[in-house]
Amino acid sequence: MARLELRRLQKRYAGGANVLHDIELSINDGEMIVVVGPSGCGKSTLLRMVAGLESISSGELFIDGDCVNGQEPAERDIAMVFQNYALYPHMSVFDNLAYSLKNRGTPKDEIARRVDETSRLLGIASLLDRKPRQLSGGQRQRVAMGRAVIREPRVFLFDEPLSNLDASLRVQMRQEIRALQQRLNITSLYVTHDQTEAMTMADRLVVMNAGRIEQIGTPMALFRKPATRFVAGFIGSPAMNFLTLAINALPGWLTKVPAETTEPLKGELSVGIRPEHIMLTSSGSGHMDARIELVEPLGSESLVHVRPNGHETRLVVRHAGTELPTAGQLTGLNLQGPFHLFDRHGQRLATRPRLADTTCPMES
Amino acid sequence: MRYHRPGLDVLAHTILIIGALVFMLPVILAVLASTQTPGALFSGTLPLWFGASGLDHYLTLLSEPVRGIGVPAWQLMLNSLLMALGIAIGKLTIAILAAYALVFFRFPFRRCCFWLIFITLMLPIEVRIVPTYGVVADLGLLNSYPGLVLPLIASATATFLFRQFFMTLPPELMEAARVDGAGPWRFFIDILLPLSKTNIAALFVIMFIYGWNQYLWPLVAMSSADNATLVMSLKRLTISQDGTPPWHLATAMTVLSLLPPVVVIVIMQRWFIKGLVDTEK
């Protein structure tokens, strides 16, 4: 258990490529932080820097107030679960679990006791004599977890540990990992590209893009109030829809407008609307008309892809109910709030409610 | 792959049997000839069955100093064995350590080191035998085991093969070991060596036979009879003083020289089949 403090961490490679810019993050004792972002955003590099597997180009990393920049992974007292588990293929499950303790000179009976305890905690007590190749994916995952848990480290690091599992096992394991982490109350840093995994597991979420942190907050805070257009598009499934609108001709359905700022707003802005906030209605009776291009039935609901008249972008509508619209039809769209407004650079705009007198006629 | 065509089976077996015979024939002839009396061998006909001498020639070779060489054959075999083991173990040790450094460590001129090792693949001992002799003579190592083994102890081939194998291992394995508190030596001994078992067994066979069959270098470096190896002595045996080479002894010694490599292959084969079944990358 520990506090983790990242101060202006940077990573530069010899060739001059700057992959991480000024990462500032502090993680509380026992907290589960999930770092999420598209591939290549630097999230794995960040994790490996915390682990001590990558050097820190500049900035400082503190664990419990000690600067650990120059320390080897083992000295930092962290444990890591790798994407491919990295179990030692020639060692039995017992030896895999015991290896780190052996390297620390733990007495034999102490090792046996802790392996026994850990393997029971993870439900792998019956597998101790097996080699990793005799285990299923889920069992390997558990052994990898066990190898991290057994040392009772100060910090847990997870590098996309569930991406090699099939979908149903992934759901089960993410619940197990979360439960275990809460039970042991160990400070954790978890990296994933899967936003569902991120939302369900995190105490706080860190969204990264192109080597920078876009936003830090609880999953629901990020969902309700994304700070940038990138976060808005990344969190939530299916992704948020965006419409580009000219600022001097905002349509009547938009119930919010940008708040007055010192700088006058010019040009265009984007409006983000979540798929569940668009309703299909009969053609001509909604805020705008659109043509249905694709219908994806999911059972309890369906995703309807529509192209509004006069717009280039396609919108996704979450359509409840079992009656499916057909592709090619014309439909009306009712757009409801909350709307998220972003400027040209993707930054969230402060808004104010729209006054009644500025209502525009319906867009056709 | 298996096709259910009897004709194909017959054809395949015919080809295999012919191939086996072609390879076996010289060995069979040597074994048969080594059991003949000297007189029977010089009658001019190829022996088709075991002769009257039985194992007499073998006993002679092993118990008495061999004519023209001066030491019994077991001494020669021991010399050969020491040389072959020295070369095989030396090559494996150096190659696996060099490959470990090349794959898992980042140091300046790493690629350059690899290419330097790699190009020595193209330099056989024959090309560098004169300077090698000079160096070994200057060090006073002629007619000694170190002098015999040291010039042959580096192997670009084995380094290259270990390097290729190490590169197939996921890098996370070393990272996991680092997180688990294993230093470079621990990782090498606890993880890399056990995983390389199969490769080590296979390369040991190849390198042992390579060492056993060395001819030119022992001939140059070992001029005294006490230090002669079996393979280089074969030639000396056939140069006889009275004009008729003792073919009965020469064939018997050839068969003796075949035995240790065969034993090594039989033992090691079991090992690397076990390795293939037991471990998985």
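1. In strand β8 of chain A, A:Y190 is the bridge partner of A:F158. Strand β7 (residues 155-159) and strand β8 (residues 187-192) of chain A run parallel and are joined over 5 bridges, where pairing requires that DSSP finds at least two bridges between two strands, and where strands (E, at least two residues) and helices (H or I, at least four) are DSSP runs numbered from the N terminus.

2. This is a predicted model, in which local features need pLDDT of at least 70 and side-chain atom pairs count only at pLDDT 80 or more, while totals for chains, interfaces and linings use all residues. Residues are numbered from 1 along each chain as its sequence is written, and chains are lettered from A and ligands numbered from 1 in the order in which they are written.

3. The open sheet of chain A holds 6 strands in the order β6-β7-β8-β3-β9-β10, with mixed pairing. Because β6 (78-81) and β10 (212-217) of chain A each have a single partner strand, they stand at the edges, and one side of each lacks a neighbour in the sheet.

4. Chain A is divided into domain 1 (4-226) and domain 2 (238-358), with bounds that come from an automatic or database domain assignment; the C-alpha centres of these two domains of chain A lie 39 Å apart.

5. Chain B averages a pLDDT of 85, and 95% of the residues score at least 70, pLDDT being the predictor's confidence in each residue, from 0 to 100. The model scores ipTM 0.83 and pTM 0.82.
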